[in-house]
Amino acid sequence: MKIVMENITKTYGSEKVLDHLNLQVEEGKFLSILGYSGAGKSTILKIISGLVGQDKGRVFIDGIDISNYPTENRNIGYIFQSPLLFPHMTVEENIAFGLQVKKWDSKRIRKRTTELIKLLQIEGLEKRLPPMISGGQQQRVAIARALAPEPRILLMDEPFSSLDSKLREEMGALIKEIQEKLNLTIIFVTHDRNESLALSHEIGILLDGNIAQIDTPKNIYYKPNSNKVAKFMGLCNFIPGRIQGNIFYSRLGEFKGVAEEDGKAKLFLRPEQIKICEGDNFKIMSYKITGREIIYRAKTGDSCLLVEDSAQEVLSVGQTIGLIFPNKNLHFIHKRSMI
Ligand SMILES: Nc1ncnc2c1ncn2[C@@H]1O[C@H](COP(=O)(O)OP(=O)(O)OP(=O)(O)O)[C@@H](O)[C@H]1O
């Protein structure tokens, strides 16, 4: 099912959290929403599900305006950061609960519960109470419970943030598999950039009450549309200069690339897009080992660049190097987006 948010504004007291926000997710797509803490990510999910009302704007599902529908009539699955299971009910009772409220007959409930237990790979835990299973297993039960009434939309609010990194990866892979199998439309709120890059068809960056950019993971990371999105997604270099007829002129030389327009711009490069070679144009000022990689700060004149390399061989501070810039897919941020 396709979700559209149109011109949504939401204010809590004097704080405007969402400001004429527009957002669209196509059927069967996995959209992650990234943003700083307090940016309004959960508020977006709550408005779609009807847990919170917007001040202005409309929400459409498959073209139908559901802005005034009560939550229970929207048939949207919602997964919270913590599983929020009923502690006195067994795993299977938790999964079946919503279906009993909806007055499904007991045979159909049993069939659906069995299907979900298999889908979420929690066979053997049916008769246990939530305190007797692990955090990861509890979150699987919560997902099964949310999927029980066969929603076509699943909203997930940092669902794996309390799990360790290995379990997070496993759960991410499982949810992706389920999403594809059931053709679910998912909106997934996370703080974890890597998780969103790995799982999503598209990522939306929520900044200053609106979606600053919505695009594929690759474009969000390598072709950000503003300085703010570029910095939000991780370490980056901006080389100031001017574009004239698809040539970028800067203090670091001339670069050929296709640009939208002439004028002042910055060449944008992630540290891993610059390669180190033999040479003496740049001097290593410092470095930081981040695991398998190392990030060097290399200087020439007044310009300093961050460059990533493998940490297997560490170059020393003070050493001179040359840098090779990619000659394809150069990305420019134009003056109007340098905020
Ligand atoms: N019921 C409420 N009453 C008043 N203010 C609220 C309410 N719910 C949220 N807020 C405020 O609205 C802003 C956005 O909250 P929201 O939970 O949507 O942000 P978020 O991006 O999900 O944050 P986080 O990543 O920290 O979970 C915050 O400043 C929060 O304090």
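Here is a quick tour of the ligand shell, some strand pairing and the nonpolar core. Keep in mind that this is a predicted model. The UniProt record, an unreviewed entry, puts "domain: ABC transporter" at residues 3-233. That span is 36% helix and 26% strand, and its end C-alpha atoms sit 25 Å apart.

**Around the ligand**

- If you're setting up the site, the residues around the ligand are Tyr12, Glu15, Val17, Gly35, Ser37, Gly38, Ala39, Gly40, Lys41, Ser42 and Thr43.
- Two elements, strand E2 (15-25) and helix H1 (41-49), each supply two or more residues to that shell.
- H1 is the top contributor to the shell around the ligand, giving three residues.

- Strand E1 (residues 3-12) runs antiparallel to strand E4 (residues 56-61), and five bridges link the pair.
- To find your place in that pairing, look for threonine 9, which sits opposite lysine 56 in E4.
- E4 also pairs with strand E5 (residues 64-65), again in the antiparallel sense, over two bridges.
- Here phenylalanine 60 has aspartate 65, in E5, as its bridge partner.
- E4 and E5 make a hairpin with two residues between them.
- In the turn of that hairpin, aspartate 62 takes a positive phi of about 50°.

**The nonpolar core**

- The largest nonpolar core has 70 residues, and Ala144 and Leu155 are the ones that touch the most other members.
- Helix H4 (residues 135-147) gives the most to this core, with six residues.
- Which residues does alanine 144 touch, leaving aside those up to four places away in sequence? They are Ile95, Leu116, Ile117 and Leu120.

**Helix H2 and its neighbours**

- Helix H2 (residues 91-101) has Val91, Glu92, Asn94, Ile95, Ala96 and Leu99 buried.
- What do the buried residues of H2 pack against? Their partners are helix H3 (106-119) and H4.
- After H2 comes lysine 103, which has a positive phi, near 65°.

Notes
Residues are numbered from 1 along each chain as its sequence is written. This is a predicted model: local features need pLDDT of at least 70, side-chain atom pairs count only at pLDDT 80 or more; totals for chains, interfaces and linings use all residues. A residue is near a molecule or strand if its C-beta atom, placed from the backbone, lies within 6 Å of it. Helices (H or I, at least four residues) and strands (E, at least two) are DSSP runs, numbered from the N terminus. UniProt positions are given in the numbering used here, feature names are shortened, and annotations may be inferred rather than shown by experiment. Two strands pair if DSSP finds at least two bridges between them. A nonpolar core is a set of buried Ala, Val, Leu, Ile, Met, Phe, Trp, Tyr and Cys residues joined through C-beta atoms within 7 Å. A residue is buried if 20 or more other C-beta atoms lie within 10 Å of its own, exposed if 12 or fewer, and partly exposed in between; C-beta atoms are placed from the backbone. Two residues are in contact if their C-beta atoms, placed from the backbone, lie within 7 Å.
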